[in-house]
Amino acid sequence: MALKIVKGSIDRMFDKNLQDLVRGIRNHKEDEAKYISTCIDEIKQELKQDNIAVKANAVCKLTYLQMLGYDVSWAAFNIVEVMSSSKFTYKRIGYLAASQCFHESTDVIMLTTNQIRKDLSSPNQYDTGVALTGLSCFVTPDLARDLANDIMTLMSHTKPYIRKKAVLIMYKVFLKYPESLRPAFPRLKEKLEDPDPGVQSAAVNVICELARRNPKNYLSLAPLFFKLMTSSTNNWVLIKIIKLFGALTPLEPRLGKKLIEPLTNLIHRIYLFFSQILHHLSAITLVCFSWLIAFLFFITVLISLSSGMPNHSASIQLCVQKLRILIEDSDQNLKYLGLLAMSKILKTHPKSVQSHKDLILQCLDDKDESIRLRALDLLYGMVSKKNLMEIVKKLMLHVDKAEGTTYRDELLTKIIDICSQSNYQYITNFEWYISILVELTRLEGTRHGHLIASQMLDVAIRVKAIRVFAVAQMATLLDNAHMLTGNTQRNGICEVLYAAAWICGEFSEHLENPMETLEAMLRPKVATLPGHIQAVYVQNAAKLFATVLKSQEGNTDSTTAQEASQLMIDRLPLFVQSANLEVQERASCILQLVKYIQKLQQKDVEVSEEVCALFAGELNPVAPKAQKKVPIPDGLDLDAWINEPPSESESEDEQPKAIFSKEEPKHSRPRHTEVDEKELARRREARKQEQANNPFYIKASPSSQKVYQETPGVEHIPVVQIDLSVPLKVPGLPMSDQYVKLEEERRQKERAEKKKKDKKKRKEKRSGRGKKHDSGPESEEDITPAHMVDIVTEEMPENALPSDDDERDPADPHKALDIDLDKPLADSEKLPVRSHRAAEVLKSPAEDEEGENVSSLEPKKKSSKEKREKKKDKDKDRKVKMLFDRRLLRLISVMLTFIFLFYSFDRKAYDIQGNLQDGSQVVVSVIFENKCDSFLKSMEFNVLDSLNSKLQRPEGSGPHDSLTIPFQLPPGVSNEARFVFTVQSIIMPQKLKGTLTFIVKNEESSTHEKLDFKLHFTCTSYLITTPCYSDAFAKLLESGDLKSSSIRLEGVNMPFHHLLARICFHHHFSVVERIDSCASMYSRSIQGHHVCLLVKITVSVDAKCDEPTLLGNVLDEIKQTFSQC
Amino acid sequence: MQFMLLFSRQGKLRLQKWYVPLSDKEKKKITRELVQTVLARKPKMCSFLEWRDLKIVYKRYASLYFCCATEGQDNELITLEIIHRYVELLDKYFGSVCELDIIFNFEKAYFILDEFLLGGEAQETSKKNVLKAIEQADLLQENEMGLFYALLAAVSTLN
C-alpha cells in the first residue's frame, strides 16, 4: 500500500503542476489555444488515474483554465470526487473548483448533499469552513432545503469561526428556501448578542439585509438594535445598523425622534474627528475612508430623520456646506460621493440644495461621465419656474458638445424629463418649450425621436393656447423634412415627422398656408419614411385637404380648391403603391374620395362642409391608465363568448400586428364613397368612436410608441444619404434663446409694473413695509405664465377606482421572505432533520413508522434474501444494500437502494399536461444508490400497471414498456429520478409490482441484472396538508354531506400535543382548533375529499369524510402508526 | 456584493468571484463588457460607475484593476474599503504582493478572499483574524503534505 502511494507520488513529480501550466501559457503567447488544448488532454488523462493527488492537481489546473474562459463543465464529476477527499489539502481545492464552476443547473450538485453534510459536521473546523464557503457560492433550493437544519445547528457551534460563517450563509439559505426563515430566526436573533464581535457583525449583516427588503417584519427588533447602536464601536456594524434604521423609521415615526439624540452624538463624535482632517481633505487616505463613509452616512440618515423638524435646518445647512467642500475637491471620488449625498438631501430639503446650483452646473462640464450623470440627476430635482429656462439652456449647450451618443441621449431624456415633470409644472412659456423640442430634432442618430414626438403631441393636444404656434412650427418642420431624414435607416429622429404631420392635420384650422403644407406632405420623398409615418401623412393630408376646401368656401373663384384636388389626385397614387398595408389602404380610400369630390367640384357643388364633417370632433387626452380603471359594469362577463367561438381556420388570416390593430372593423371606411348625409353621419360617428377607442391618437406614453415602431418600415428602400456633419439650424425656426431673452424682458416688465403698483400702494398707505419687493429676487409665485395656459387634464373614466399600482416585481426573491416573524412557530414549520427531502418530510409519516409496511413486504424480503444467496455465489465482491423510505416500503435486496421520497399531488404536472381528471397524478421520487463497486448503466424502470394506477410513459410507447432512467451510476453514487403515476381512485391503498433492469459493468465483464420491488401507495399519501379556518370547518361539519366513523387508539401514552403533532406530521393533517382536551383537525385529498377529525385526550378519534372507504383506510393507517410506538 | 473581478491593464482576467448564480455564458459577457468599460476610463476619473442596474466600484493598484459590482443601495465607500482591505490582506500574506503572485498562486488569492468575504458580505473585519485563519489552514495543509515529502525523501534515499 505504502509503495503504491510512493509510486503515485513519483508519477506526480512528472506531471505539470499549476505553476508549470501558468508558465507554459505565458510562454506560448502565439499559439495559446493550441497549447491549452494539449494541456486539457493531459488533464483528462490525469483525471482518469486513481491517485487523488493527481486528480486534485488536475482540478486545480482546470479551475485556472475556467477563469481564462474555457469550458470545464465536463469535469464536474471529478470536482465532486476531489471535494470528497478526506485530506484538507485536496478538499480545499475541490470546494474552490466547485464554487467557481458550479451553478444552479449543474446536475452533479445533487450528488454533493451528503458529502457537504459530512463536511459540515467534521471535527476539523477548517473542513467545515471550506464547505460553508463553497456552499455559499453554489447553494441551490434543494441544497438549501436539505442542509438548512445542519447549518442552523452550526450557528451555535463552539468556534466563533464556524458560527460567523454559518450565520452569514443563512442569508443565502433564506433566499433559496424561504420556509427556513421562521424556524431559524430566533437563533439568528440570539446571535445579535454573541460574545464574538465577528459573529455579531455577521448577524447584524444578515438581519439588515433581510430588513431592508421587508422592513415591517423587523420593527420589533428596533430596541435591540438601538442598544447595539449605542454600545458598538465597530464602524462596519454601526453603518449597517443605521442603514436598518433608515428602513425602519418611515414605518414608525416615533423611532425617528428617539434616534435623533444618539445619532447627533455620533455625528458629533465623528465630525470632531472629521473636522481635524477636513482642512487637508485632498490628502485623505484610504485609512480615513471608513470614517468618511460613516460621516456621509450619518448625515444623510440624520437628514431623512429630521425632515419635518424645523429646528434642524441649521445642521442641514452645515452638512450641505461640508458636502460642497467635497464636491469642489479635486478628488473625483469625493466629488461623486458628495453629489450622491446631495441628491439624498435634495429629496427632503430641496431648498438648501438649490442654492448650490452653480456648483452642480459646473459638474456637468466634468470629464467623467459618472459625475455628469450624478449632476444631471440632481438637476432634475432642482428646477423651479425661475431657473428652468436657464438650466435647460445650459443643458442644450452640453447636447451640442457631447461626444458619445449614449450621453447625449441621456441628456436629451433628462431635458424632457425636467421640463415635463409633474405635469409641466415649471414651464411658464410653452412657446419656448416647443422651440426647445424643435431644436432637439437637430440631434442626429438619437434613439429618442419617439420621445420628442410624444412630447410634441402631448403639448399640442393639452395646451390649447399653444396650438397656433405649434402648428406653425410643425409646418416649417414638415417643409424641411428632408433635413431630418438624411439617413432613415439609423435615424430615429424622423419619428418627430409623425407628430408634426399629425399636429398640422388635426389643428389645420390654425395653419397660415395649408396649401403649402399639403404640398409638403405629399412630396415623393415622403415615400422613403417608415410606414407608420407615411400612414399618418396620408391621413392628415386628407384633413388638410378638407381645411383647404373650407377656406375656399364662398369664394367665387374655385381654382385653389380644384388645384388642391388635382394635387391630391396626382400625388396619392404613389402611396397607393406602398408596400405598407396601412398606407395603401388609407391612400386608396382617400384617393377615391378626392376623385369623387373633384367630380362634384366640376359641377360646382359645395362639398366643403361634408368633407369637413369627416374630421369633426374634439380630441381629449386620456390618462395612460384610464382604460385599466374603467370599472366593469355589473353582470358583464368579459370572458364569455359573445358569438360562437370561431373555428380554427379563421384565425389564420389574422392581420399582422399593426398600429391600428385596435381599430373598429373596416366597414366604417367604405372604398367606394357616396357622399350623402347619412353616410357622412355614420362615418362621423365611426370616427368619433374610433378616436375614443384608439389610445394611440391621444396617448403618448412610450409603450404605445413602441407599437408603431414594430410595423414594417421601408428600410430596404435605398436612400441617398446626405452627409450633414454640421449641426443643422432648421431655417426659419425661431431659436429657443430668443425666447429666453423675451421671457426675461417680459418678467422684467412685469416686475417693473409690480413695483409701480407697490409704489402706488405704498404711497397710498404710507407704510414702509414693502421694501422686500425692491431688491430681493422674485419668488416662485411672482412669475406668471406668459399666456394663460390651459393644461387640459387627462380624462379618466367616471367612477374610476383610485389605486396605486405599485406592484413589486413578482420575480424578486426577497418577496418570498416577507414573512411574519413574531408568530409562534407551528409544529409543521420545524426544520427537517436529517433527510433527503426536507419539504417532503414536513408532510411525510414519521421515522418510527418504519415497520408500518413490514408485513406487506415480508415475502419480498425473503425472496431477496434468496436472491442474495445466489448472487453471492456468482460474484462475492458485489455488496449492495438497499434502503427504503420507511413510509412506503422496506425492501432489502442485493443491488440497489430505493428511497421513495414522496407522493404528492403535483399541480404543475397537472397544469402542463392539461389532464382534466382532477387530482389524479402522483409523483414518486426514487433515489437510486449504487452500493457496489461496479458501474451501473442502462437502467430501466418498469411497473406493472393496475386498472387503477398507471405509470405515465412517454407518448408513443406501449403500456408495458419500461422507462429509461436518464443517468448512470458510478460506484458509491446516488441519484434521483421521478416518475409520474396516474391514479383513478384514491380511496383504497394500492400496491404496484415493478422491476428495475440494469447492466452491471466492471473491468472484466458486464452483466444484465434485474431487481423486483413493490410500490405501496397508502391513502395518507393522497392527503395534502391544507389549512382550514374554524368557521369553514364548522360549516363543513354542519353540511351533513360527511359520513362519520371512529376509532380508539390503544396503548398510547404520550402527551396530547405530541399525539396531535404526530397525526399532523405522519398523516398530513392540520389542526383547526384545539380546546383543552380535544382538537379538531382537517385535511384534504388530492381529489378534494374533506377529512375531518375530532381527537380527544382519551385517545379516541371521531372522524368524518365524504368518502367512507377513504376514511376507513386513513383511520386504519393512523391506528397502525400509533400501534407501533 | 454581486461579484468581484481582478484583471490586468491588458484586460486579462486574473481572478473572478461570483456571488450570484449565473451561467458561464452570462459571466463571460458581463466580464468582457465591464473590462472594456473600466479600461476605457482615464486614470483621474472617479472609481464609481453605473452600469446596467448595478453599481460598479473599481480601483487600480499597480497594473491590476480590482472591480466589484454591488446593488443600488449598497454604499460605494464600503465597497471601496472592501477592495482596499483585500489588497492589504494580499499584501500581508504574500509580502508586497505583485500581479505575478496572484497569477501563480491564484488559489491562495481565492482562499484569502473566501476568508474575508462570504456570499458577498464581509465576514471578518479584522485583518488579523483573516490572516490567522489562512495561516492555520495552510499549516494543516503542510502537515498533511509532510507525509508526502517524507515519502519522497525515503524513495530518494532508497535509490
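How many helices and how many strands does chain B have? Chain B has five helices and seven strands. The model is predicted. Along the sequence of chain B, the elements follow the pattern β-β-α-β-β-β-α-α-α-β-β-α.

**Chain B on its own**

Chain B is made up of 159 residues, and 60% of them count as buried. Among its contacts between residues at least 6 apart in sequence, 48% join residues at least 24 apart.

The size of an interface is often given as the accessible area lost when the parts come together. Here chain B and chain A bury about 6400 Å² between them, and carbon and sulfur atoms account for 59% of that area. In chain B, the residues that lose the most area to chain A are Leu77(B), Phe104(B) and Leu118(B), which together give 11% of what that side buries. The contact involves 66 residues from chain B and 68 residues from chain A.

Between chain B and chain A there are 20 residue pairs in polar contact, both residues being at pLDDT 80 or more. Helix α5 (residues 127-158) of chain B provides 13 residues, the largest share of the side of chain B that touches chain A. By class, this side has 32 nonpolar, eleven polar and 23 charged residues. The count of salt bridges between the two chains is six. One salt bridge joins the side chains of Lys165(A) and Glu115(B), at 3.5 Å from N to O.

**Salt bridges**

Over all chains, the structure holds 38 salt bridges.

| Glu209(A) | Arg213(A) | 3.1 Å |

Glu209(A) and Arg213(A) are separated by about one helical turn, because they are four residues apart in helix α12 (residues 197-213) of chain A. Both Glu209(A) and Arg213(A) are buried. Glu209(A) and Arg213(A) also belong to a network of salt bridges that links them with Arg212(A) and Glu71(B).

Glu99(B) lies in helix α3 (residues 99-104) and Arg14(B) in strand β2 (residues 13-18), so the pair ties together parts of chain B that are 85 residues apart in sequence. Both Glu99(B) and Arg14(B) are buried.

Glu33(B) has a relative accessible area of 30%, so it is partly exposed.

**A buried residue of chain A**

Ile116(A) is placed in helix α7 (residues 113-120) of chain A. Ile116(A) counts as buried because its relative accessibility is 0%. Leaving aside neighbours within four places in sequence, Ile116(A) is in contact with Tyr95(A), Leu135(A), Phe138(A), Leu143(A) and Leu147(A). The C-alpha atoms of Ile116(A) and Leu132(A) are 8.4 Å apart in space, and the two residues are 16 residues apart in sequence.

Key
Residues numbered from 1 in each chain as written. Chains lettered and ligands numbered in written order. Predicted model: local features only at pLDDT ≥ 70, side-chain atom pairs only at ≥ 80, totals over all residues. Heavy atoms only, no water. Contact = heavy atoms within 4.5 Å. Buried area = accessible area lost by both parts, 1.4 Å probe. Salt bridge = Lys/Arg side-chain N within 4 Å of Asp/Glu carboxyl O. Polar contact = N/O pair within 3.5 Å; in protein donor to acceptor, adjacent residues only side chain to side chain. Helix = DSSP H or I, 4+ residues; strand = E, 2+ residues; numbered from the N terminus. Nonpolar A, V, L, I, M, F, W, Y, C, P; charged D, E, K, R; others polar. Buried < 20%, exposed > 50% of the residue type's maximum accessible area, 1.4 Å probe, protein only.
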